[in-house]
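Hello,

Here is the structure I promised to pass along. Please have it open while you read the notes that follow.

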Amino acid sequence: MTTKAVLEGGPEDLPERVVPVTAPGEDLKIAHRGGYEHFKTTSRFHDGPEGRLPVYEWWERTEIAE
């Protein structure tokens, strides 16, 4: 089952702030501009047009190794 989450923080030019989450509670790794933006789950929720969604907070960026 896939649910969605709200991303908070990180680069302002991320294309999406509401993203699918296949394993709720696990950290997210979003590919963006030649690297990965990492988001950790929080205990907070966001109420919006898609309902009550968990909030994931940005915590670091890593580069893609070549």
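A search of the whole structure, which is a predicted model, turns up seven salt bridges. One of them pairs the side chains of Glu50 and Lys4, with 2.9 Å from N to O. This pair links distant parts of the chain, since Glu50 sits in the loop between β4 and β5 while Lys4 belongs to strand β1, 46 residues apart. Glu50 is partly exposed, at a relative accessible area of 45%, and Lys4 is partly exposed too, at 38%.

Another salt bridge joins Glu8 and Arg44, whose closest N and O atoms are 2.9 Å apart. Glu8 is in strand β1 and Arg44 in strand β4, so this pair ties together parts that lie 36 residues apart in sequence. For Glu8 the relative accessible area is 32%, which counts as partly exposed; Arg44 is also partly exposed, with 35%.

Glu63 and Arg61 form a salt bridge as well, at 3.1 Å from N to O. Of these two, Glu63 is exposed, with a relative accessible area of 56%, because the cut-off for exposed is over 50%. Arg61 has 29% and is partly exposed. Salt bridges with shared partners also join Glu8, Arg44 and Glu57 into one network.

Five strands make up an open sheet with mixed pairing, in the order β2-β1-β5-β4-β3. Its edge strands are β2 and β3, each of which pairs on one side only. On average, neighbouring strands of the sheet are turned by 45° against each other, direction ignored. Strands β4 and β5 (residues 51–63) run antiparallel and are joined by 11 bridges. Within that part of the sheet, Asp47 has Arg52 in β5 as its bridge partner. In general, strands of a sheet pair through backbone hydrogen bonds, either parallel or antiparallel.

Which residues form the largest nonpolar core? There are eight: Ala5, Leu7, Leu14, Val19, Val21, Leu28, Phe39 and Tyr56. Strands β1 (3–8) and β2 each supply at least two residues of this core. Leaving aside residues up to four places away in sequence, Leu7 touches Leu14, Glu16, Arg17, Val19, Leu28, Ile30, Phe39 and Tyr56. In soluble globular proteins, nonpolar side chains tend to be buried together.

Two single residues are also worth a look. Val18 is in strand β2 (residues 18–21) and is partly exposed, at 30% relative accessibility. Not counting residues up to four places away in sequence, Val18 touches Lys4, Ala5, Val6, Glu50 and Leu53; among them are Lys4 and Glu50, whose side chains meet in the salt bridge described above.

Where does Arg33 lie? Its place is in the loop between β3 (28–32) and β4 (35–48). Arg33 is exposed, with a relative accessible area of 65%, because that value passes the cut-off of over 50%.

Best wishes

Note on methods
Residues numbered from 1 in each chain as written. Predicted model: local features only at pLDDT ≥ 70, side-chain atom pairs only at ≥ 80, totals over all residues. Heavy atoms only, no water. Helix = DSSP H or I, 4+ residues; strand = E, 2+ residues; numbered from the N terminus. Buried < 20%, exposed > 50% of the residue type's maximum accessible area, 1.4 Å probe, protein only. Contact = heavy atoms within 4.5 Å. Pairing = 2+ DSSP bridges. Axes fitted to C-alpha atoms, helices over the stretch in contact; angles between N-to-C directions. Core = buried A, V, L, I, M, F, W, Y, C linked by side-chain atoms within 4.5 Å. Salt bridge = Lys/Arg side-chain N within 4 Å of Asp/Glu carboxyl O.
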